[in-house]
Amino acid sequence: MSRSRSAARIPAASPAHPRWSAMRRALFCAFALAMPLAHAASVPVGFTDRQVASGFQSPTSMGMLPDGRALVVEQNGVIRIVKNDALLSSSFYTVQNVDTFSERGCLGVTADPNFAVNQHVYLYCTVLTGGGSRNRVLRVTASGDAAIPGSEVTLLELPNVPSGVQWHMGGPLRFGVDGKLYVAVGGHEDLRTDPLEASFSQNVASPFGKILRINPDGSFPPDNPFYNTPGAYRGNYVLGLRNPYAIDIQPDTGLLYINDVGAGSVEEINRAVAGANYAWPIHEGSTSDARFTNAVHEYRRDAGCAITGGSFYNPVSPQFPPQYVGKYLFTDYCSGWIRMIDPANPAAGAQEFATNIGSPVALATAADGSLYYLARNQGEGGASSGALGKITFTNTLGPRLTQQPRAQTIFLGDPVTFTVAADGASSYQWRRNGVDIPGATSASYTIARTTPADSGATFSVAVSNADGTVVSDAAALTVTSNRLPSPAITSPGADVGFVPGDKIGFAGTASDAEDGNLPASALSWKVDFMHDTHSHPFYPTTTGITSGELTVPTFDAEAANIWLRLSLTATDSAGQTSTVSRDIYPDAQLSDVRTASAPTNGRGDIALNRNNAGGPIRLDGINYAKGIGVYAPSELRYQLGGACTGHLIADVGIDDAAGNSGSAVFQVYLDDAKVFDSGVMRGSDLRKAIYLSIAGKNSLRLVVTDGGDGNASDLANWGAPRVTGCPAAIVDRGNGGTSGGAGAPIIAPVAGKGGGGGCAIGGSGRFDPVLPGLLAVALAAIGWRRRKDGAGKR
């Protein structure tokens, strides 16, 4: 499955050598381009946002204690505690034997309503057992800022997680006004069942895909709606859920809202009513089927991709203006916003509250009226590192910071720039160690050449307007002569793909100018399953190995834009780190498969892994490293030979570059019978998903016709089209810039811009397929091929 490649090494040149100086500056510039900035949320006038803690590894959920302390759950079972808005060095608790495969792990936390007396904290974790893995509800007892060793009690143990299942574990916990503990349990299924009615979510005998209602001791209340139903799981309270990622219960009223992550089209907020069925997987979104209860609020994929955190704003001491009290606030993982609805009138729709948050996963309202959010990608560190933000109401019209200056480590003699961004700012004044810097009055401040005296200095900025001044966080500067380590992934090779069940070997090395070749103890690996603009943890961070092997499970096979991201991080003796990544795509991408005859295209050539104007493929704000860009009328033919047993999977739509212009009709023919017709799709329309059986079919035709309305920007995209269940001979990687027909008109992929799956995370923290091209010159200078860097629906 892989090809070896020798590790590149940084030349051991003198730091003063001009060639080395140029190369190190280029390398550092490359890392600066790819490194996420320390963004703050963009909040309404009168509010402020600041980051209070960072460095959480794969954070999943959070909960507030009555005294204002926050508990942050990491997937690996470590429970961190934030006190007085500072992260304590010692953990609150660590759950043992946690299964962190994919989305398993510790996923929920809540405090007992009588915490001041009993000090009880409840957790939901996937724990390895002798016979597999099971999700458990655990209880520990606190003493001060830590749980008492040995106090852990298992209150509830669910059935085994089905073998191979990796998504949709659920996990949130909340106490109701009735004193009962409500437990959200995911569907424990990666794919829809056939028939749909046989799914765990619809089976009252199973606790999966449900909200459970239990007593604080783990027993089932006899007034549960299915308690006396023969064969039913007695803890079930509601059913028909896919992945209830967050729940919250409004004080006094007892109103319970469920944030249920959709599969491909609709995100839902459901109001829990005893015995209600929310239709998954039979329906996604609202339905007229009287058997099911519709969501009180839903939104489609043009607004976001994964509903995550949720919190009623009903604190003990309200701090926000009165119009916020009683509202329900919720987040979207991909779009990075916080919105709110009025439970008294949810049909009125949602209002935007905050934006510019990097992959938020949890919300919590503190007793003092502050709103905390846990962001998986906030600050620095990629998809597995997170931060805790705090939004407060100050009732001022002063500037609102949206990007804080970040701490930096710089090579001696190299330049460094600190940057801030703010809404409503009219002036800036940078400070060094709290003292104004003469002339430093723009949104950024640069030291052209760093010296040893700069190391340890802090830089902040006072941002002002006519109504007030706000001072940013202080960013520390470290100046070092220590060079970054140089990791290299030697396998798998850049051209390796996968199918479910494959075993993929990986290996890598790292060297360092000061330390020489680094040992295995300096290397750490992780693998994320990527989908559109978000990631699922797949292979947990593992340190101390130079090679290993992973088995590819069955993913969400109905999704088109998926891949694996393998990341290797090297740490030198000074604690400096560098990360390189490689993306591995499913086999049988049609942009790699030889066509049966020369493709036809309405204007110019078809484009592989690009849109037909030469830019990256982009649908609904989502980039596709794989795909085919065409212009109506267009036709692509493939021979299947009756040998395939799987499906055609693709997303289709007009490229975002067309704006609201463009129109086309996408059609799929199998054995010359039309099996899919998109209808007229315009630039303003959402993408559509294709999932069609090709079992036993001999031929496949992908056809695009003009929409017939005179629009000229028909940039039609087949986003990440692939076929599954086909023999290798059928899906031979035959394109490479040519096709089955002589002189076939095909645009070859643009190197470094996504043709081979090139992608990165830009400064905004969003997926960007173009960025590697910007980095190429700097990386080539040292002979180090950096494939990609990491990103973070559940």
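Analyst: A residue is called buried when its relative accessible area is under 20%, exposed when it is over 50%, and partly exposed in between, using a 1.4 Å probe and protein chains only. The model is predicted, so local features need a pLDDT of at least 70 and side-chain atom pairs count only at pLDDT 80 or more, while totals for chains, interfaces and linings use all residues. Residues are numbered from 1 along each chain as its sequence is written, and side-chain values use heavy atoms, with hydrogens and water left out.

Begin with the rings. Rings of Phe, Tyr and Trp (its six-membered ring) pair if their centres lie within 6.5 Å; the pair is stacked if the planes are under 30 degrees apart, edge-to-face if over 60, and tilted otherwise. This rule gives 26 aromatic pairs. One of them is the stacked pair of Y299 and F330, with 6.3 Å between the ring centres and 25 degrees between the planes. Y299 belongs to strand 19 (residues 297-300) and F330 to strand 21 (residues 328-332), so this pair links distant parts of the chain, 31 residues apart. Strands here are DSSP runs of E with at least two residues, helices are runs of H or I with at least four, and both are numbered from the N terminus. Y299 has a relative accessibility of 6%, so Y299 counts as buried. F330 is buried as well, because its relative accessible area is 0%.

W563 and Y585 form another stacked pair, 5.8 Å from centre to centre and with 25 degrees between the planes. Because W563 lies in strand 44 (residues 562-571) and Y585 in strand 45 (residues 577-586), their pair ties together parts that are 22 residues apart in sequence. The relative accessibility of W563 is 1%, so W563 counts as buried. Y585 has a value of 7%, so Y585 also counts as buried.

Rings can also be linked into a group. Ring pairs join F47, Y313, F320, Y324, F353 and F393 into a cluster.

A ring may have a charge over its face. A charge sits over a ring if NZ of Lys or CZ of Arg is within 6 Å of the ring centre and within 35 degrees of the ring normal. R339 lies over the face of W337, at 4.2 Å from the ring centre. Likewise, R701 has its charged end over the ring of Y669, 4.3 Å from the centre of that ring.

Next come the cysteines. Two cysteine sulfur atoms within 2.5 Å are taken as a disulfide, and the structure holds three of these. When the bonded cysteines of the protein chain are numbered in sequence order, the pairing reads 1-2, 3-4, 5-6.

C106 is joined to C125 by a disulfide with an S to S distance of 2.1 Å. The torsion about this S-S bond is about 105 degrees, so the disulfide of C106 and C125 is right-handed. Because C106 lies in strand 7 (residues 106-111) and C125 in strand 8 (residues 120-129), the pair ties together parts that are 19 residues apart in sequence. C106 counts as buried because its relative accessibility is 0%, and C125 counts as buried because its value is 0%.

In the disulfide of C305 and C334, the sulfur atoms are 1.8 Å apart. C305 sits in the loop between strand 19 and strand 20 (307-312), and C334 in the loop between strand 21 and strand 22 (338-341); the two are 29 residues apart, and the pair links distant parts of the chain. Both C305 and C334 are buried.

C644 and C726 form a disulfide too, with their sulfur atoms 2.1 Å apart. The torsion about the S-S bond is about 115 degrees, so the disulfide of C644 and C726 is right-handed. C644 is in the loop between strand 50 (634-639) and strand 51 (647-654), and C726 is in the loop between strand 56 (715-723) and strand 57 (746-747), so the pair links distant parts of the chain, 82 residues apart. C644 is buried because its relative accessible area is 2%.
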